[in-house]
Amino acid sequence: MPAVDPVGESDAIRARVPDVLRTYRETRENVIDGGIVDRELKQLCARYLNGDDDVVEFDDDDRFDERERAALGWAQAIAWDPAVADDDLWSRLHRHFSEPELVELGYCMAIIHGQLHWLRALGVRPRHEDVLAF
Amino acid sequence: MRAHVPATLRDFWWQWERTFRNGVCEHEIKELCRVYVSKTVECGYCGNQRSTRARAGGVEERDYDELLDFERSDRYDARQRAALAYAQAIAWGPDEDDEELWARLHLHFSDEELVELGYFVAVTFGQQSWVRTLDIGHHEVLDETDEGLAPNAVRAVTR
């Protein structure tokens, strides 16, 4: 473990405004790393949002189970086309997630989606494996 | 909706409180960027909300009308147009040479303002991209008030 917590590139940018860094660190702790939905699923959705080639063709990929495919379908709707969130997708989402889980997962994806777009505009592109910590 | 998970509601409240209602960059320019994002991602729910603080700070209803044509409209000054170009770049990628955009932005904003404004645009862009998948309307979630709604939205829900 390092003697001093290293500050990543994106946190160094946020740190220009202490309230921005503080707010995002609270989000990371309470919504991204913490919360009621498992972090692994959030990581998978974040990799999709980051354009990971290993995840973007999730529909026909048997490495992913039904719960993961439903969550990734929602990530696709958030990132690209809200029409993807049709009755079938909502039926699948409600089969695998409670209402609070859906709220937290959707909110978490929304935060990550926005951050990825902003940091790309600044020329910062996180590695897929680091996408939740960037 | 966010209140299904108190930690989520609390998190969003702090995002809004620290980077939209307050902060180093003035609220009015962030309100224009918020509604620009809602128009460009077609989130009708968010696009029909209005900041009463921005109204008190001088933003008029007509200022929202030409947001999608901000580069050609004479309703916006050079600083507002630069902020809106930044919001556009975050939502869709830069529409012009990167260096030209950053030159415009640095002409009008400090680094701190650019960090906060960009972070706020990221938050509202992400939230609106999510909210539009939920297909919710005004008065389905918060039924008791028209406060903060655009005039056309008030007419629609009272019809």
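## Basis

Residues are numbered from 1 along each chain as its sequence is written, and chains are lettered from A in the order in which they are written. In this predicted model, local features need pLDDT of at least 70 and side-chain atom pairs count only at pLDDT 80 or more, while totals for chains, interfaces and linings use all residues.

## Interface of chains A and B

Contact (C-beta atoms, placed from the backbone, within 7 Å) links 33 residues of chain B with 34 residues of chain A. On the chain B side, α1 (6–21), α5 (78–92) and α7 (111–131) each give two or more residues; helices here are DSSP runs of H or I, at least four residues, numbered from the N terminus. α7(B) gives the most, with 14 residues.

That side of chain B has 16 nonpolar, ten polar and seven charged residues. Ala, Val, Leu, Ile, Met, Phe, Trp, Tyr, Cys and Pro count as nonpolar, Asp, Glu, Lys and Arg as charged, and the others, Gly among them, as polar.

## α7(A) against α7(B)

The axes of α7(A) and α7(B) are 7 Å apart, at an angle of about 135°. Axes are lines fitted to C-alpha atoms over the stretch in contact, with angles from 0 to 180 degrees between N-to-C directions. The contact has twelve nonpolar, nine polar and no charged residues.

## α5(A) against α7(A)

Within chain A, the axes of α5 (residues 66–79) and α7 (residues 99–121) come within 11 Å and cross at roughly 45°, so α5(A) and α7(A) are oblique to each other. Trp74(A) and Ile78(A) are among the α5(A) residues in this contact, and Met109(A) and His113(A) among those of α7(A). The contact residues are eight nonpolar, two polar and no charged.

Notes. Two residues are in contact if their C-beta atoms, placed from the backbone, lie within 7 Å. Angles under 35 degrees count as roughly parallel, over 145 as roughly antiparallel, 65 to 115 as roughly perpendicular and the rest as oblique.
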